[in-house]
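Have a go at each one before reading its solution.

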Amino acid sequence: MSHWLIAGASRGIGLELARQLALRGERVTASVRSEAGRAALQTALGGKGRVLVFDTRDEAQIRAAAASVTEPVDVLIANAGAYGPERQNALDMDFDGVLDLFNVNTLGPLRVAQAFLPLVKQSANPRIVMMSSVLGSMTLEGTFNAGYRASKAALNKFTQCLADDLRPEGVAVVAMHPGWVRTDMGGPNATLSVEESVEGIIRVAEGLTLSGTRRYVDYRGNEIDW
Ligand SMILES: NC(=O)c1ccc[n+]([C@@H]2O[C@H](COP(=O)([O-])OP(=O)(O)OC[C@H]3O[C@@H](n4cnc5c(N)ncnc54)[C@H](OP(=O)(O)O)[C@@H]3O)[C@@H](O)[C@H]2O)c1
């Protein structure tokens, strides 16, 4: 049994991660940022696990939540993310909206990783999964939703840096693409059910070792070009 920390578990992939992990008897600590989210997560956890409350844009909130956790964290999944405003392309942008998107998608996962790092370092097999997207790949063509793509590309760079910084400490760090998943974000036409994506994410995270650090992988463990 491992202790998993999931940031952003009120719905979608994060909620399903909490549900599947609790069902398997893993120890789960997961976060939400609203009362509606708390209710959904508590139902998914089935009375097991622990709920934290923070917005990933709020460093003080995250640090206070982290200070309330005493158990080492074996796997941290920085999952919370947003798709951003309607106008987010290179030729037409809601700049304030895209700035907020970077706050959530690029800096949010780092805030979470930094705040929980002391607990991660206490694990015998410490792993960090930064939830990215294939849309962050610099080799992928296409311009729609440029703000989202750029926010995940920047997250990927921070993920590489975090992996390099933490390799000497024995912490494995990867950027993860969950597939195109039928959630509020992925929409109804996405190719994967949330159950299938999450089964894969858990499998990849479980098998992660230091030899696999600094990789950009999908939910099947297949490598993606940065
Ligand atoms: N679905 C896909 O096809 C797909 C593909 C590639 C990558 N991803 C990535 O996978 C992750 C999860 O996506 P999803 O499809 O599950 O999305 P989702 O259904 O829209 O859920 C997003 C989750 O992130 C939380 N969140 C958003 N902003 C937050 C903030 N500022 N502070 C704390 N929590 C926040 C949401 O909480 P609230 O309920 O409080 O808003 C919710 O729990 C994201 O990082 C996304 O970019 C998804």
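Keep in mind that this is a predicted model.

**Exercise 1.** Find what Ser 137 touches, leaving out residues up to four places away in sequence.

*Solution.* Start with the contacts: Ser 137 touches Tyr 216, Ile 224, Asp 225 and Trp 226. A polar atom of the Ser 137 side chain sits 2.8 Å from the backbone oxygen of Asp 225.

**Exercise 2.** Decide for Ser 137 and for Glu 35: buried or exposed?

*Solution.* Take Ser 137 to begin with. Its relative accessible area is 7%, so Ser 137 is buried, the cut-off being under 20%. Now go to Glu 35, which lies in helix 2 (residues 35-45). Glu 35 has 58% relative accessibility and therefore counts as exposed, since that takes over 50%.

**Exercise 3.** Work out which residues are closest to the ligand, and how much of the ligand the protein buries.

*Solution.* First, the shell: 29 residues surround the ligand, and the closest are Ser 10, Arg 11, Tyr 148, Val 181 and Thr 183. Helix 1 (12-23) and helix 5 each give at least two residues to that shell. Then check the polar atoms. A ligand oxygen is 2.7 Å from an N or O atom in the Tyr 148 side chain. On the backbone side, a polar atom of Ile 13 is 2.8 Å from an oxygen of the ligand. Last, the area: the ligand alone exposes 900 Å², and the protein buries 93% of that. The ligand takes up the space of the largest pocket.

Methods:
Residues are numbered from 1 along each chain as its sequence is written. This is a predicted model: local features need pLDDT of at least 70, side-chain atom pairs count only at pLDDT 80 or more; totals for chains, interfaces and linings use all residues. Side-chain values use heavy atoms; hydrogens and water are left out. Buried means under 20% relative accessible area, exposed over 50%, partly exposed in between (1.4 Å probe, protein chains only). A polar contact is a pair of N or O atoms within 3.5 Å; within protein, one must be able to donate a hydrogen and the other to accept it, and residues adjacent in sequence count only if both atoms are side-chain atoms. Contact means heavy atoms within 4.5 Å. Helices (H or I, at least four residues) and strands (E, at least two) are DSSP runs, numbered from the N terminus. A residue is near a molecule or strand if one of its heavy atoms lies within 4 Å of it. Accessible areas come from the Shrake-Rupley method with a 1.4 Å probe; for residues, only the protein chains shown count as cover. On a 1 Å grid over the protein atoms alone, a cavity is a set of points where a 1.4 Å probe fits but cannot get out, and a pocket is an open set with protein on both sides within 12 Å along at least five of seven lines; lining residues have an atom within 4 Å of a point. A molecule sits in a cavity or pocket if more than half of its atoms lie within 2 Å of its grid points.
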